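Reader: I have the sequence and the model open side by side. Can you walk me through a few spots, one question at a time?

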Amino acid sequence: GPASTVLTPDFKLFSIKEEQEFLTGRALDAVEENRKAWEQAGKDIDQCKQDALTAFKICEAESLRLHGDEIKRFFNSLQQRTGEADWEERVGELQGQLQHALMAIERLQEHVQQQLSNIDKRIEEMAMRTWRHVDSLLEQLKELHRRARIELRGEKLNLFQIEYKKPDETESKTTIKDYLHRMVEEAARRYQQADAKEEIDKFLDEAVGSAQLLDQVVPLDTISIRLLKPGDFESSYLRKQYDRWDHLNDWSQGQRFAGRFSLFVVLLSYLRHSRSGGRESSSVILADNPFGKASSSHILEIINIITHYQNVQLFCCTALRNTEIMREFPVIYSLVPAPTMSGKERMQLETPRGPAPQPLDQAHAYIPGINPGDAGQLKIF
């Protein structure tokens, strides 16, 4: 009858028992849904706690580099609090300490910014000084080129040519500044990864070496050194031939010796001139059999001229005998084996040409050409 039936919202008729079962099922479904939601919320809270702890560790590792006492106290307190159960419910208690830590970080950031600004200024000054140093290196290359100017067979020639693209000053300063920034950053990176101080110092010393700095504005592999190829006495140097330094192996042995030795003489003379403060200077080269298998005297033509121009004396030890090369030297001392009473041999000094040997009183040297009749080379005995 009407008392034992219920009209549902969808206009179906249910008995009281069916109604109770229906409502109970809906309640159980709601409880199960809430239970799952509760479990998921617990998992989410645990994950958030874990994420927060991970973020705290990262923040601590980064912030402690600032070496602030307030920051250290905050993270020590944070580590103690997060070790307790249900610590997330008491995070508010850390707000005051966190505020102090944030203020300390801001002060340290201002200090760091000021240091970075000072570093930028110092790098700017370093870039200016470095550019002046590099520019002086380029001037030295020009000076070497000028010192290689000689007169040969009535013609003015350069023993070698140094060619490179002249760098733009503004672009070069910017390039050097960027390079120094990169080197400082690399040194800082090595410091952070705990590299040895000696290794970092070695890295910086190499980074600011003259060759490295010059390579930034004038790549070293673009600098061309071309040498004058020695010719024989029958040809002139009107059609002079210059070859790159890398192509010297295609020359004869005598030509290679003349080309390389001439460049060496110019470099030696220039270094001696620079170290003497620009004063007039002279040098003596002691060479052990520098001629190799060369036998033609024309290979010494360029060497004789450049040594005269650079005030350099050659003192050569050699096993050559009766060659054209020996006739180019005004003074020759010959050491020959002589037998002794014991059957052994000793070296005896003979002078095939030149002044009679005198007892060695004092080693000295002087530049020829001051007095008439001076020899073409310096005498050191």
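Reader: Where is N311 found?

Author: The model here is predicted. Helix α8 covers 299-310 and strand β9 covers 312-317. N311 is found in the loop between α8 and β9.

Reader: Is N311 buried or exposed?

Author: The cut-off for buried is under 20% relative accessible area. N311 has a relative accessible area of 14%. So N311 counts as buried.

Reader: What is the phi of N311?

Author: Most residues other than glycine have a negative phi. N311 is not a glycine, yet its phi is positive. The value is about 60 degrees.

Reader: How do α4 and α5 run, parallel or antiparallel?

Author: Helix α4 spans residues 169-192 and helix α5 spans residues 197-207. Their axes come within 10 Å and cross at roughly 170 degrees. Angles over 145 degrees count as roughly antiparallel. Therefore α4 is roughly antiparallel to α5.

Reader: How many residues of the contact of α4 with α5 are charged?

Author: On the α4 side, the contact is made by Y179, M183, E186, A187, R190 and Y191. On the α5 side, I200, F203, L204 and A207 take part. The contact divides into 8 nonpolar and no polar residues, and the charged ones number 2.

Reader: How do α7 and α8 run, parallel or antiparallel?

Author: Helix α7 covers residues 253-275. The axes of α7 and α8 are 9 Å apart and pack at about 5 degrees. Angles under 35 degrees count as roughly parallel. So α7 is roughly parallel to α8.

Reader: How many residues of the contact of α7 with α8 are polar?

Author: From α7, the contact includes F257, F261, V265 and S269. From α8, it includes L300, I303, T307 and Q310. The residues of this contact divide into 10 nonpolar, no charged and 6 polar.

Reader: Which residues have the most contacts inside the largest nonpolar core?

Author: This core has 54 residues. Helix α3, residues 95-147, gives the most to it, with 8 residues. The residues with the most contacts inside the core are F160, L214 and L300.

Reader: Which residues does F160 touch?

Author: F160 is found in strand β5, residues 160-163. F160 is buried, with a relative accessible area of 1%. Not counting residues up to four places away in sequence, F160 touches L144, H145, A148, R226, L227, Y242, L263 and V266.

Reader: Which residues is L300 in contact with?

Author: L300 is one of the α8 residues in the contact with α7. Leaving aside neighbours within four places in sequence, L300 is in contact with F257, F291, I325, E328 and F329.

Reader: Which residues of α6 are buried, and what do they line?

Author: Helix α6 spans residues 210-217, and its buried residues are L213, L214 and V217. An α-helix has 3.6 residues a turn, so residues three or four places apart point the same way. Seen down the axis of α6, the buried residues fall within an arc of 95 degrees, so they line one face of the helix.

Key: Residues are numbered from 1 along each chain as its sequence is written. This is a predicted model: local features need pLDDT of at least 70, side-chain atom pairs count only at pLDDT 80 or more; totals for chains, interfaces and linings use all residues. Side-chain values use heavy atoms; hydrogens and water are left out. Axes are lines fitted to C-alpha atoms, for helices over the stretch in contact, and angles run from 0 to 180 degrees between N-to-C directions. Helices (H or I, at least four residues) and strands (E, at least two) are DSSP runs, numbered from the N terminus. Angles under 35 degrees count as roughly parallel, over 145 as roughly antiparallel, 65 to 115 as roughly perpendicular and the rest as oblique. Contact means heavy atoms within 4.5 Å. Ala, Val, Leu, Ile, Met, Phe, Trp, Tyr, Cys and Pro count as nonpolar, Asp, Glu, Lys and Arg as charged, and the others, Gly among them, as polar. Buried means under 20% relative accessible area, exposed over 50%, partly exposed in between (1.4 Å probe, protein chains only). The arc is that of the directions from the helix axis to the C-beta atoms. A nonpolar core is a set of buried Ala, Val, Leu, Ile, Met, Phe, Trp, Tyr and Cys residues joined through side-chain atoms within 4.5 Å.
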